[in-house]
Amino acid sequence: MRYILKKIGIFVLTIFAISILVFLAFQIIPGDPTTRMLGTQATPEKIAALRAQLGLDRPVLVRYFDWLGNFLRGNYGESYSYNMPVHELLSGKLRITASLTLLSFLMVLLISFPLGILLARFAHSWFDRVMMVLNQIVMSIPSFFTGILFTYVFGLILKFFTPTNFVEYADDHAGFWAYLVFPALSIALPKAAMVIKLLRGSMVRELSEDYVRTAYSRGNSRWQVLKGHVMRNAMVPVVTFLAVTLVDIIAGSIIIEQVFNIPGMGRLLMTSINGRDLPVVQTIIMIIALVVITVNYIADISYKYIDPRIRFR
Amino acid sequence: MKKLKNSHRAPNYNLIWGCVITSIMVLMIVVSFFWTPFNPDAMSYAEKDLAPGGAHLLGTDNFGRDIFSRVMEGAGTTLSIAFCAVAIGASFGTVIGGLTGYFGGAWDEFIMRINDAVTAFPSILLALVIVTITGSGRTNIIFILGILFIPSFARVVRGEFAKQRQMDYVKNAKLMGVKPGRIMFVHILPNIAPVLLSAVAIGFNNAVLAEASMSYLGVGVSQTEAVSLGRMLLDSQAYWMTSPWQALSAGCAISILILGFALISEGLGTRPMWRPTTKRRRKQHA
């Protein structure tokens, strides 16, 4: 219990530190947003008035706590270029990106676990060797190139889906998920290849341990040993990596959304970066930071349940 | 037992193939500095969208530019950015990791916490945030990626230094009155070279991917600065139906570069090429 409390304490502190960093990072950006917003109509008086209206004339510390307070209450400020509250801008897009990320993560699990275990079971066979070479190649193809290939092969030639013709969830539930299948798969493939390699390696290492021989000597079958004994021990490094993978998938979805023309958070982030729409960029980065920290902490705590030998300090 | 022996003697295929692939790419890039089959920027309406073969090995794009020449130059842009970024990351990372690993203490704790925080975030995301602040362009990308790579190098080097610090040869050197700076860079550094080299190969792998991704997103190397593979991929997407070889060439070039470095790091990681310590010493510390 003390462990959990300590972890939560560190968790809150980390988020606090990150929020300061995110806030400060956007303070040092050269170029005042007011000049951009006013464009050619900018006069010193107008700029001063707009700065006051946006609250940019107050001290940094006051603005930080103001921003943090608003952020915690779900008030993310107003977009400079769309002239609407950021949370309204984000609400639908957040769901799209979250769906894409989760679908992709699910694919990573569904592809990598069976294959990783299978390859560990038949380690050093010709099947294993061919698969590992393929694995290495898949790992080296960037997700956006896979995405472009999928668009061409499955979209333009086989016509499984219409590229650039995104289906909104509200319009057609099944169509929405169907459209996300190939984007999700493009992100998932290289990640799954990495998990396969790690899981296979981890299991092969465990298989040479003494307890495995003991388990065999007690009459367990090969699959029983793999499932009941080896898997659990082999999982510890894999769980760490899965946390990293989930975070990478979020980053990958930003790129893939450009490839498949998905109107999610990633596209909004890119247009906001190009348009210097700071409140939007700041909010998206803060949301992603929160997710990243949370995922890492969940992974951290879950070790205990997988491997009781890891005692808390 | 027999299998084990064989696998130990088997050549390090990962390293060999990695070196072969990377050498071919590097050779192509070096040649591109002096000569390309065509001028990469020369447009020709008459030779628009030619299929691969003939004079144009990989065909031409929608402006009639020779794709092979552009891939050569684009790969050069990507690799030079990767090289500079890795050089920045590796040198600063080695110094920081060496100091914190060798001396330990409160600074070590503090810097490693920052390291953990930075490495928890995908580097492409951090790069996008910094690009918002600094703007894009070749020099900016080099510095952004270089700085973002420092923590991962620092972490690897720190771990190795902390391990080596406990070893007898370092203790001996200390007793003999060798200055810390000399111990760190003359005594310890050669011993961690295999690990560092593997990290450098992974660094190249990540740098190529990051540069290509950023150029693909339109925040990397600008169109007017130089040909870049990521940018080529972005521009070619609209011409899938008329000339798919555009996107294929650029995408394959990126993938092959990454594959080469991945294989090298794999080969170095699983079996170091050499061990600088003598046999007897190795046994003592095993």
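Student: How many residues of helix α7 (residues 168-175) of chain B are buried, and why does it lie largely in the open?

Tutor: Of the 8 residues in helix α7 of chain B, the number buried is 0, so the helix lies largely in the open. A residue is buried if 20 or more other C-beta atoms lie within 10 Å of its own, exposed if 12 or fewer, and partly exposed in between, with C-beta atoms placed from the backbone. Helices (H or I, at least four residues) and strands (E, at least two) are DSSP runs, numbered from the N terminus. This is a predicted model, in which local features need pLDDT of at least 70 and side-chain atom pairs count only at pLDDT 80 or more, while totals for chains, interfaces and linings use all residues. Residues are numbered from 1 along each chain as its sequence is written, and chains are lettered from A and ligands numbered from 1 in the order in which they are written.

Student: Which residue follows α7(B) with a positive phi?

Tutor: That residue is B:G177, with a phi near 85°.

Student: How many helices and strands does chain B have?

Tutor: Chain B has 11 helices and 0 strands. Its C-alpha atoms fill a box of roughly 75 × 55 × 35 Å, taken along the principal axes. Of its 286 residues, 47% count as buried.

Student: And what are the corresponding values for chain A?

Tutor: Chain A has 12 helices and 0 strands. Its box, again along the principal axes, is roughly 85 × 60 × 35 Å for the C-alpha atoms. Of the 313 residues of chain A, 32% count as buried.

Student: Which residues touch the most other members of the largest nonpolar core?

Tutor: They are B:L145 and B:V208, in a core of 142 residues. A nonpolar core is a set of buried Ala, Val, Leu, Ile, Met, Phe, Trp, Tyr and Cys residues joined through C-beta atoms within 7 Å. Helix α8 (residues 180-217) of chain B gives the most to this core, with 18 residues.

Student: What is B:V208 in contact with, leaving aside its neighbours within four places in sequence?

Tutor: The partners of B:V208 are B:T78, B:A82, B:I254, B:L257, B:I258 and B:F261. Two residues are in contact if their C-beta atoms, placed from the backbone, lie within 7 Å.

Student: At what angle do helix α3 (residues 67-103) and helix α6 (residues 138-165) of chain B pack?

Tutor: They pack at an angle of about 35°, with their axes 5 Å apart. Axes are lines fitted to C-alpha atoms, for helices over the stretch in contact, and angles run from 0 to 180 degrees between N-to-C directions. The contact of α3(B) with α6(B) has 21 nonpolar, 9 polar and 5 charged residues. Here Ala, Val, Leu, Ile, Met, Phe, Trp, Tyr, Cys and Pro count as nonpolar, Asp, Glu, Lys and Arg as charged, and the others, Gly among them, as polar.

Student: Changing topic, how many residues does each chain give to the contact between A and B?

Tutor: Chain A gives 27 residues and chain B gives 30 residues. On the side of chain A that touches chain B, α6, α7, α10, α11 and α12 of chain A each supply at least two residues. By class, that side has 21 nonpolar, 5 polar and 1 charged residues.

Student: Is A:G266 buried or exposed?

Tutor: A:G266 counts as buried, because it has 25 C-beta neighbours inside 10 Å. Its place is in helix α11 of chain A. Beyond its neighbours within four places in sequence, A:G266 is in contact with residues including A:T97 and A:S253.
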